[in-house]
Amino acid sequence: MKQLDERLKQHYAQLSPQEQRIADFIFDHFDDLISYNSAELARLSGVSKATVSRLFRRLGYEKYKDMRDELRTLRQSGMPLTDNRDAVQGNTLLSRHYKQEMANLTQWVNSIDAQQFNEVIGALAGARRVLIIGLRNAYPVALHLRQQLQQAREQVWLLPQPGQTLAEELVDITPQDVVVVMAFRRRPRIIRPLLQQLQQDNIPVVALCESQAQSIISLARWPLCAPLDSVSAFDSYASAMSLINLLANAVLHELLSQGRQRIHRIADLYQQLDELEQR
């Protein structure tokens, strides 16, 4: 029998806008879902309780409680709880952490579409500018991608600048640019209208997100999914950083001649400015 997240992904395109709001909230708060009753889920999703009941009947549950009972059973059989104290005793946490990280890496590697990936690399290598947007917890990931790509090519920007808004940056973007949007869960509300605006303006967009982000995936020309699953309360970005490493190395290989020259010039500047310790 399919689990709740699989059912939601299967039916997402057929859900009403109100039902999709509930689905998006569930995807973003899946670990906490077991603690919400139907009234709380309705309030937090901004819909009516009747809409919540209708959605879960559509998914095959007779009532909301059946879904919570299913989640509780899964948790008891091994699905991690954020407050599971047994997981932090001895080396148990280390073992479970390692297995989850390996599962995340395996999942994104197996989900990569070779043709799509090659298109992404071609776009990142050939665009006039690469503009990277990452807010909240996606900011460090976006910053790392920018730092890596800047080794291989010029005109790589991180948006928005600290304390600034996006509108001033968006006005100059053209279809000759590529925008990379980091859209990991617990996303700020602006991410969806941002992607809608970029799609309307025919701007090529690469979206890095988790596979449950159905409302985001449909708005990007090239969605690349990296699982964030963790054995504890905090998401893991190891697979996202691994994906960035692959992207950056593939772009460097695509621009090998000019990329190597650029790296050598940067290294010379490191030495001239005495910025880095010598090994």
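User: Does Val130 count as buried or exposed?
Analyst: In this predicted model, local features need pLDDT of at least 70 and side-chain atom pairs count only at pLDDT 80 or more, while totals for chains, interfaces and linings use all residues. Residues are numbered from 1 along each chain as its sequence is written, and side-chain values use heavy atoms, with hydrogens and water left out. The cut-offs are under 20% relative accessible area for buried, over 50% for exposed, and partly exposed in between, with a 1.4 Å probe and protein chains only. Val130 comes out at 0% relative accessibility, so it counts as buried.

User: Which strand does Val130 lie in?
Analyst: Helices (H or I, at least four residues) and strands (E, at least two) are DSSP runs, numbered from the N terminus. The protein has 13 helices and five strands. Val130 belongs to strand β1.

User: How far apart in space are Val130 and Val180, C-alpha to C-alpha?
Analyst: Val130 touches Val178 and Val180, among others, leaving out residues up to four places away in sequence; contact here means heavy atoms within 4.5 Å. In sequence, Val130 and Val180 are 50 residues apart. Their C-alpha to C-alpha separation in space is 7.3 Å.

User: What is the relative accessibility of Leu247?
Analyst: Leu247 sits in helix α12. Beyond residues up to four places away in sequence, Leu247 touches Phe117, Val120, Ile121, Leu124 and Leu224. It counts as buried, because its relative accessibility is 2%.

User: Which element gives the largest share of the lining of the largest pocket?
Analyst: Volume is the space filled by probe spheres set on the points, which are joined across faces, edges and corners, and the largest pocket holds about 650 Å³. Of its 20 lining residues, the closest to the centre are Arg21, Asp24, Phe25, Asp28 and Arg189. The largest share, seven residues, comes from α2.

User: How many residues of that lining of the largest pocket are polar?
Analyst: Ala, Val, Leu, Ile, Met, Phe, Trp, Tyr, Cys and Pro count as nonpolar, Asp, Glu, Lys and Arg as charged, and the others, Gly among them, as polar. The lining has seven nonpolar and seven charged residues. The polar ones number six.

User: Within what arc do the buried residues of α4 fall?
Analyst: Helix α4 (residues 49-58) buries Thr51, Val52, Leu55 and Phe56. The arc is that of the directions from the helix axis to the C-beta atoms. Seen down the axis, these buried residues line one face of the helix, because they fall within an arc of 130 degrees.

User: And α10: how many degrees around the axis do its buried residues cover?
Analyst: In α10, the buried residues are Ile191, Leu194, Leu195 and Leu198. They are on the same side of α10, because the arc they cover is only 95 degrees.

User: Which peptide bond is cis?
Analyst: Look at the loop between β2 and α9, where Pro160 is placed. Omega is near -15 degrees for the cis bond from Leu159 to Pro160.

User: What is the phi of Arg136, which is not a glycine?
Analyst: Arg136 lies in the loop between β1 and α8. At 56% relative accessibility, Arg136 counts as exposed. Its phi is positive, at about 50 degrees.

User: What about the relative accessibility of Gln155?
Analyst: Gln155 is in the loop between α8 and β2. Gln155 also has a positive phi, of about 60 degrees, without being a glycine. It counts as partly exposed, because its relative accessibility is 35%.

Conventions
On a 1 Å grid over the protein atoms alone, a cavity is a set of points where a 1.4 Å probe fits but cannot get out, and a pocket is an open set with protein on both sides within 12 Å along at least five of seven lines; lining residues have an atom within 4 Å of a point.
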